[in-house]
Amino acid sequence: MLETVTFTWILAGVIVVFAFIKWYLGRNDDYWQKRGVPFAPRISFIGLMFKLAFNDITELLKDMANKPFGKVFGSFEGSLPTVVVAEPDLLRDILVKDFHIFPYRRPMMTGDPVADSMVSLMIGEDWKRVRTIITPAFTSKRMRQMSSIIDECSKSVVEVCEEYCEKGKPVDFKSTFGAFTMDVIAKSAFGTQINSHKDPQNEFVRKVRESFLNFTIPRMMLS
């Protein structure tokens with residue numbers, strides 16, 4: 001008798017928990033409908049994971065934008081209502097002309113001091129300060145000056161590919177272009193001449209690699 005009562009209470013507790021989770025996740029499902037805005041229905045967490053397992057996130061967004069919701073429509077990230085803008089002119093206004101009205105990005109802390117200092121993750125005054133500092137480095141004149149550096153570093157990539165070709169071995173393009181990127185940044189931003197292809201244990205390379213290895217998805221989720 002006691003076991004039956006215990007099982008009943010456990011079952012009731014499980015049902016209540018699942019009912020609460022279902023209500024919590026769907027509490028904003030009518031958010032856009034109440035406001036008369038066309039919207040893409042919320043996808044359940046399991047359904048979203050299933051789609052992401054077989055499709056790239058960009059493909060899902062393209063598919064959503066091609067559906068008859070219009071160029072501006074409501075959507076959901078989990079249970080959070082969001083707006084999707086697929087109108088080029090409006091996007092230009094948001095990102096350029098009226099950027100002073102939309103300067104804030106979604107806060108996304110990784111828990112890593114290096115990653116959190118990237119301009120793409122900064123917001124507010126910190127972002128404005130760093131953006132002001134780095135903007136002069138990306139003018140058309142500066143980019144033209146850097147083209148010779150990029151061209152010089154690209155020769156190392158060609159040499160690596162030729163070496164692998166002569167040996168009849170496949171080229172690991174991920175590591176090859178990672179080294180190329182490292183060489184370009186080191187020389188153009190820090191004035192340091194390195195060759196990450198032939199000297200992967202260079203101190204500069206090791207320190208950068210260590211910094212990025214410290215950035216992990218679990219750490220980001222816990223921060």
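**Talking through a predicted chain**

Modeller: In this predicted model, the elements of the protein chain, taken from the N terminus, run α-α-α-α-β-β-α-α-α-α-α-α. That comes to ten helices and two strands.

Biologist: Why is the protein chain called more spread out than a compact globule?

Modeller: For 223 residues the globule rule gives 17 Å, but the radius of gyration is 25 Å, which is well over that value, so the chain is more spread out than a compact globule. Along the principal axes, the C-alpha atoms fill a box of roughly 75 × 50 × 35 Å.

Biologist: What share of the residues counts as buried?

Modeller: Buried means under 20% relative accessible area, and 18% of the 223 residues count as that. The chain exposes about 17000 Å², with 65% of it supplied by carbon and sulfur atoms.

Biologist: What part of the contacts joins residues 24 or more positions apart?

Modeller: Such pairs account for 44% of the contacts with a separation of 6 or more.

Biologist: What makes a space in here a cavity?

Modeller: A 1.4 Å probe fits there but cannot get out. The structure holds one such space of 30 Å³ or more, and about 30 Å³ lies in the largest cavity.

Biologist: Which residues line the largest cavity, and how do you know their classes?

Modeller: The lining is Ser-156, Glu-159, Val-160, Asn-195, His-197 and Lys-198. Val counts as nonpolar, while Glu and Lys count as charged and the others as polar. The lining therefore has one nonpolar, three polar and two charged residues.

Notes:
Residues are numbered from 1 along each chain as its sequence is written. This is a predicted model: local features need pLDDT of at least 70, side-chain atom pairs count only at pLDDT 80 or more; totals for chains, interfaces and linings use all residues. Side-chain values use heavy atoms; hydrogens and water are left out. On a 1 Å grid over the protein atoms alone, a cavity is a set of points where a 1.4 Å probe fits but cannot get out, and a pocket is an open set with protein on both sides within 12 Å along at least five of seven lines; lining residues have an atom within 4 Å of a point. Grid points are joined across faces, edges and corners, and a volume is the space filled by probe spheres set on the points. Helices (H or I, at least four residues) and strands (E, at least two) are DSSP runs, numbered from the N terminus. The radius of gyration is taken over C-alpha atoms; the globule rule is 2.2 Å times the number of residues to the power 0.38. Buried means under 20% relative accessible area, exposed over 50%, partly exposed in between (1.4 Å probe, protein chains only). Contact means heavy atoms within 4.5 Å. Accessible areas come from the Shrake-Rupley method with a 1.4 Å probe; for residues, only the protein chains shown count as cover.
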